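Please walk me through this structure, helix by helix. I have not seen it before.

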Amino acid sequence: MIVFVRALPGRLRAGVSAVGLWFAPARVQAEGVTPDYRFSLANERTFLAWIRTALALIGGGFAVDQFLPDLPRTVRVVLALALLAGGAMCAVRAVNYWVRCERAMRRNEDLPLSRFPTLLAVLVAAIAVVMVLIVLLGRAG
């Protein structure tokens, strides 16, 4: 595995290495100095909040697919897949951001910035607008 990772181009190698940290908390813990436990616990609570959001999006995707049978199949599938994809992205983002924040705290660096909350908010808002239109058009018909 290490030979495979070394053979990858620079950015891709860094990405694979970062994913490896997701499954090796001892490697993260070995970096820098241990931050105040309150910060690490706050980081874990943030991680859990992102996981709850991911589960809610996944549940919403299943709900759209199962409980809105009167919608055209294409609309139902697109909405369900958008919610499911958002949930999957949220779960992956949760662990990635947890590791990045933990490493930054241990290295006494600034916390990492992310565009993901904006992306997620736009995705959820777009789905909400589509759902409002469906409700309004459904009541008018």
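Helix α5 counts 34 residues, and 49 Å separate its first C-alpha from its last. That is close to the 50 Å expected at 1.5 Å a residue. The expected span is 1.5 Å times one less than the number of residues in the helix. Helices here are DSSP runs of H or I with at least four residues, strands are runs of E with at least two, and both are numbered from the N terminus.

This is a predicted model, in which local features need pLDDT of at least 70, side-chain atom pairs count only at pLDDT 80 or more, and totals for chains, interfaces and linings use all residues. Residues are numbered from 1 along each chain as its sequence is written, and side-chain values use heavy atoms, with hydrogens and water left out.

Now the whole chain. It has six helices and zero strands. Along the sequence the pattern reads α-α-α-α-α-α. Of its 141 residues, 26% are buried. Buried means under 20% relative accessible area, exposed means over 50%, and partly exposed lies in between, with a 1.4 Å probe and protein chains only. Contact means heavy atoms within 4.5 Å. Among contacts with a separation of 6 or more, 67% join residues 24 or more positions apart.

Next comes α4. Its 31 residues should span 45 Å at 1.5 Å a residue, and its end C-alpha atoms are 44 Å apart, which agrees. Several of its residues are buried, including Ser40, Asn43, Leu57 and Gly61.

How do α4 and α5 meet? Two packed helices are described by the angle between their axes and the distance between the axes. For α4 and α5 the angle is about 170°, and the axes are 7 Å apart. Therefore α4 is roughly antiparallel to α5. The axes are lines fitted to C-alpha atoms, for helices over the stretch in contact, and angles run from 0 to 180 degrees between N-to-C directions. Under 35 degrees counts as roughly parallel, over 145 as roughly antiparallel, 65 to 115 as roughly perpendicular, and the rest as oblique. By class, this contact has 20 nonpolar, seven polar and five charged residues. Nonpolar covers Ala, Val, Leu, Ile, Met, Phe, Trp, Tyr, Cys and Pro; charged covers Asp, Glu, Lys and Arg; the others, Gly among them, are polar.

Look at Cys90, which sits in α5. Its relative accessible area is 0%, so Cys90 is buried. Beyond its neighbours within four places in sequence, Cys90 contacts Trp50, Thr53, Ala54, Phe116 and Leu120. Its C-alpha lies 9.3 Å from that of Arg52, 38 residues away along the chain.

Cys90 also belongs to the largest nonpolar core, which has 13 residues. Such a core is a set of buried Ala, Val, Leu, Ile, Met, Phe, Trp, Tyr and Cys residues joined through side-chain atoms within 4.5 Å. Trp50, Val64, Leu79, Leu83, Cys90, Phe116 and Leu120 touch the most other members. Two or more residues come from each of α4, α5 and α6. The most come from α5, with five. Leu79 contacts Val64, Leu71, Ile127, Val130, Met131 and Ile134, leaving aside neighbours within four places in sequence.

Arg106 also lies in α5. Its relative accessibility is 6%, so Arg106 counts as buried. Not counting residues up to four places away in sequence, its contacts include Val28, Glu31 and Pro35.

Finish at Asn108, in the loop between α5 and α6. At 72% relative accessibility, Asn108 is exposed. Most residues other than glycine have a negative phi. The phi of Asn108 is positive, near 60°.
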